[in-house]
Amino acid sequence: MTKRRSFSDNFKATVALEALRGDKTAQEIAAKHKVHPTQVTTWKRQAIEVLTGVFSDKVRRAEDNEAEVKELHAKIGKLAVENDFLSQGLKR
């Protein structure tokens, strides 16, 4: 029984980018890197799926959320100071 090989992310990305270029067929790329052609096609498909997310609005929404979180943290800090000030005034 043979042991399953595991490939690094960099290796997968290299093979997927080579497949995306379209200069060579999946079989040629597979032979060059000593992997199965189906694996090359799978990595290429996964790369395409991830690339579509790069240009989506999710990145912009995450940036907007970070700004909103900073604003809310500032408001919480301000309210905490006001609350402490008022509680000290009531104790007198």
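## Helix 2 and its buried side

Which residues of helix 2 (residues 26–33) are buried? They are I29, A30 and H33, where buried means under 20% relative accessible area, exposed means over 50%, and partly exposed is in between (1.4 Å probe, protein chains only). Helices here are DSSP runs of H or I with at least four residues, and strands are E runs of at least two, numbered from the N terminus. This is a predicted model, in which local features need pLDDT of at least 70 and side-chain atom pairs count only at pLDDT 80 or more, while totals for chains, interfaces and linings use all residues. Residues are numbered from 1 along each chain as its sequence is written, and side-chain values use heavy atoms, with hydrogens and water left out.

Back to helix 2: its buried residues are I29, A30 and H33. They cover an arc of only 100° around the axis, which puts them on the same side of helix 2; the arc is that of the directions from the helix axis to the C-beta atoms. An α-helix has 3.6 residues a turn, so residues three or four places apart point the same way. Just after helix 2, K34 has a positive phi of about 60°.

How many salt bridges does a search of the whole structure find? The count is two, a salt bridge being a side-chain nitrogen of Lys or Arg within 4 Å of a carboxyl oxygen of Asp or Glu. Side chains of opposite charge can pair when their charged atoms come close. E18 bridges to K24, with the closest N and O atoms 3.9 Å apart. E18 counts as buried because its relative accessibility is 10%, whereas K24, with a relative accessible area of 39%, is partly exposed.

E18 also takes part in a salt bridge with K32, where the closest N and O atoms are 3.4 Å apart. That pair links distant parts of the chain: K32 sits in helix 2 and E18 in helix 1, 14 residues apart. At 49% relative accessibility, K32 counts as partly exposed. Salt bridges with shared partners join E18, K24 and K32 into one network.

## Aromatic rings on W43

A search of the whole structure turns up three aromatic pairs. To count, rings of Phe, Tyr and Trp (its six-membered ring) need centres within 6.5 Å; planes under 30 degrees apart are stacked, over 60 edge-to-face, and the rest tilted. One of the pairs is F7 with W43, edge-to-face at 5.4 Å centre to centre and 80° between the planes. This pair links distant parts of the chain, with F7 in the segment before helix 1 and W43 in helix 3, 36 residues apart. F7 is partly exposed at 24% relative accessibility, while W43 is buried, with a relative accessible area of 5%.

F11 and W43 form another edge-to-face pair, at 6.0 Å centre to centre and 85° between the planes. Here too distant parts of the chain are linked: F11 is in helix 1 and W43 in helix 3, 32 residues apart. F11 is partly exposed, with a relative accessible area of 24%. Put together, F7, F11 and W43 make one aromatic cluster.

## The nonpolar surface patch

On the surface, L17, L20, I48, L51, V54 and F55 form a nonpolar patch with about 570 Å² of accessible area together. Helix 1 and helix 3 are the elements that give two or more residues to the nonpolar patch, and the largest share, three residues, comes from helix 3. Patches are made of residues with over 30% relative accessible area and no salt bridge, joining like charges within 9 Å and nonpolar side chains (Val, Leu, Ile, Met, Phe, Trp, Tyr) within 5 Å. The areas come from the Shrake-Rupley method with a 1.4 Å probe, and for residues only the protein chains shown count as cover.

I48 sits in helix 3 and counts as partly exposed, at 41% relative accessibility.
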